[in-house]
Amino acid sequence: MIKPRVFKGARDFLPEQMLHREQILSVMRTVFKQFGFAPIETPAIEYLNVLSGKYGEDADRLIYKLNYKTDTKDEAALHYDLTVPFSRVIAMHPHLTMPFKRYQIQPVWRADRPQPHQGRFREFYQCDVDCVGSTSMIIDAELIAITYQVLTILGFDDFLIKINNRKILNGLTTYLNLTTEFTPIIARSIDKLDKTHWNDVAKELADNQVPNEAIAQLEKLVQEKVTLQTLSELLQDVEIAQEGIAELNEIFNYLKILNVNENNFIFDISLARGLDYYTGPIFETKLPKHPHIGSLTGGGRYDTLISMFTGNDVPAVGTTLGLDRIFTAMQQLNLLADINTATQVLVANFSKETLTHTLALVTQLRAAGINTELYPETDKLKKQFSYCDKKKIPFMCVLGEDEIKNNTVVLKNMKQGTQEQLAFDDLLLQLKNL
């Protein structure tokens, strides 16, 4: 006997959960296509050298390496995200028409510590939307608009899309009189502010040799929630920071035109997005009233990542909508409508003598677009009704000998407990008006 168990950080999904997840994915796919994005798919397994060295030290440690041809050029791993594999695709297919807009929905794997209450797992789905080949801030704004539209349709109202620019963070290093080697250290440290207190961040900065004076200046900027206007004045002599500020002002103007509610996005200088490949605007979605849930979405511009594969910079920007985080949040906030089954009607198996007519009815209902299940055995009707009730199928059809003679069908409304005899056309009309 093998004890049945699920790998820690992974999960089984039963029908009720899958129906909700499919509904969320349906909303995403619809919105992605509305904005002109097309689907692609990449293998779950990549060569380790394709994945490693792209995310930063902290993230690289979470890559799931496979016990396959270790210490050779063919060493492999499960993909950590979908952005790096997508960059490889772009490098391998130079014939693609640019700008190239894609969405990709697949599982990824991270050797992380599972925190189910926060929607953090070792195997989880990412839903990515990316555009390659354009430097226009319109694309960045559209990705934020996609996030806004998806979350709004799903029923969220108090979410906040935090927006920053890695160019501003690069400029901060200059402003703090530090060398560029401190930029990733500062970015990774302040990115943890949504999970920990400033004192912990300050200690981490000090442990990484950041001078006390620089830490004090940084604290003032972060704690006072500095605005773009104030920052523009403070960093007026830092060219890279001014470039980042101008890009964000442009994005914010586009967001207003794209009807993104101003209450749902904000500039946040503490947002850093820990991954090393970001080069420009970055964005992340939080639920301020429910900080334990973590980020629902996150992304940004990565104009140099693809050059690791091609030798030439290719402008690119993308965002990830976390299916598992969104699903977990919707569960906790009671945003999931009751969905127990996709079946609209169960057709009873009355007897062997009526089975031919019953199968014909089932076929006609399915041909008319009605999700129809046939009870497989000729059990007592009481048992079949009980099955229908337990599965919460809204209607049940019974076709007995009298109904066959009269060209009618008995339709029972399981919720109301009522039933009526109907001609086939009237039956279709009732079921189609669900």
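**Overview of the chain**

Among contacts in the chain between residues at least 6 apart in sequence, 69% join residues at least 24 apart. The model is predicted. The chain has 17 helices and 15 strands, and buried residues account for 50% of its 434 residues.

**Extent and surface**

- The C-alpha trace spans about 90 × 50 × 45 Å along the principal axes of the chain.
- The accessible surface of the chain is about 22,100 Å², and carbon and sulfur atoms contribute 50% of that surface.

- Helix 13 is largely enclosed by the rest of the structure, because 8 of its 10 residues are buried.
- The buried residues of helix 13 are L323, D324, R325, I326, F327, T328, A329 and M330.
- The cover over these buried residues includes helix 1, strand 5 (123-132), helix 5 (137-153) and strand 10 (316-322).
- Just after helix 13, N334 has a positive phi of about 55 degrees.

**Helix 1 against helix 13**

- How do the axes of helix 1 and helix 13 cross, and within what distance do they come? The axes of helix 1 (residues 15-34) and helix 13 (residues 323-332) cross at roughly 120 degrees and come within 11 Å.
- With that angle, helix 1 is oblique to helix 13, since angles over 145 degrees count as roughly antiparallel and those from 65 to 115 degrees as roughly perpendicular.
- The crossing of these two helices, helix 1 and helix 13, is right-handed.
- Helix 1 contributes Q17, H20, R21, I24, L25 and M28 to the contact, while helix 13 contributes L323, D324, I326, F327 and M330.
- Sorted by class, the residues in the contact of helix 1 with helix 13 are 7 nonpolar, 2 polar and 2 charged.

**R21, a residue of helix 1**

- R21 is located in helix 1.
- Is R21 buried or exposed? R21 counts as buried, because its relative accessibility is 3% and the cut-off for a buried residue is under 20%.
- Leaving aside residues up to four places away in sequence, R21 touches R11, F13, Y125, L323, D324 and F327.
- Of these partners, L323, D324 and F327 are also listed among the residues of helix 13 that meet helix 1.

**Helix 14 against helix 17**

- The axes of helix 14 (residues 355-367) and helix 17 (residues 424-432) come within 11 Å, and their crossing angle is roughly 45 degrees.
- This angle makes helix 14 oblique to helix 17.
- Helix 14 and helix 17 pass each other in a right-handed crossing.
- On the side of helix 14, the contact involves L361, Q364 and L365; on the side of helix 17, it involves F424, L427, L428 and L431.
- The contact of helix 14 with helix 17 consists of 6 nonpolar residues and 1 polar residue, with no charged residue.

**The loop between helix 8 and helix 9**

- Q209 is found in the loop between helix 8 (198-207) and helix 9 (212-223).
- Q209 is exposed, with a relative accessible area of 60%.
- V210 lies in that loop between helix 8 and helix 9 as well, but V210 counts as buried at 6% relative accessibility.
- Which residues does V210 touch, not counting residues up to four places away in sequence? V210 touches L178, F182, I185, L205 and I215.
- V210 and I186 are 24 residues apart along the chain, and their C-alpha atoms are separated by 8.5 Å.

**Backbone features**

- Most residues other than glycine have a negative phi, and most peptide bonds are trans.
- Q209 has a positive phi of about 70 degrees although it is not a glycine.
- N407, likewise not a glycine, has a positive phi of about 55 degrees.
- N407 is placed in the loop between helix 16 (401-406) and strand 14 (408-413), and N407 counts as exposed at 63% relative accessibility.
- The peptide bond from M98 to P99 is cis, with omega near -5 degrees.
- P99 belongs to the loop between helix 4 (83-92) and strand 4 (100-109).

Notes: Residues are numbered from 1 along each chain as its sequence is written. This is a predicted model: local features need pLDDT of at least 70, side-chain atom pairs count only at pLDDT 80 or more; totals for chains, interfaces and linings use all residues. Side-chain values use heavy atoms; hydrogens and water are left out. Axes are lines fitted to C-alpha atoms, for helices over the stretch in contact, and angles run from 0 to 180 degrees between N-to-C directions. Helices (H or I, at least four residues) and strands (E, at least two) are DSSP runs, numbered from the N terminus. Angles under 35 degrees count as roughly parallel, over 145 as roughly antiparallel, 65 to 115 as roughly perpendicular and the rest as oblique. A crossing is left-handed if the near helix is turned anticlockwise from the far one by less than a right angle, and right-handed if clockwise. Contact means heavy atoms within 4.5 Å. Ala, Val, Leu, Ile, Met, Phe, Trp, Tyr, Cys and Pro count as nonpolar, Asp, Glu, Lys and Arg as charged, and the others, Gly among them, as polar. Buried means under 20% relative accessible area, exposed over 50%, partly exposed in between (1.4 Å probe, protein chains only). Accessible areas come from the Shrake-Rupley method with a 1.4 Å probe; for residues, only the protein chains shown count as cover.
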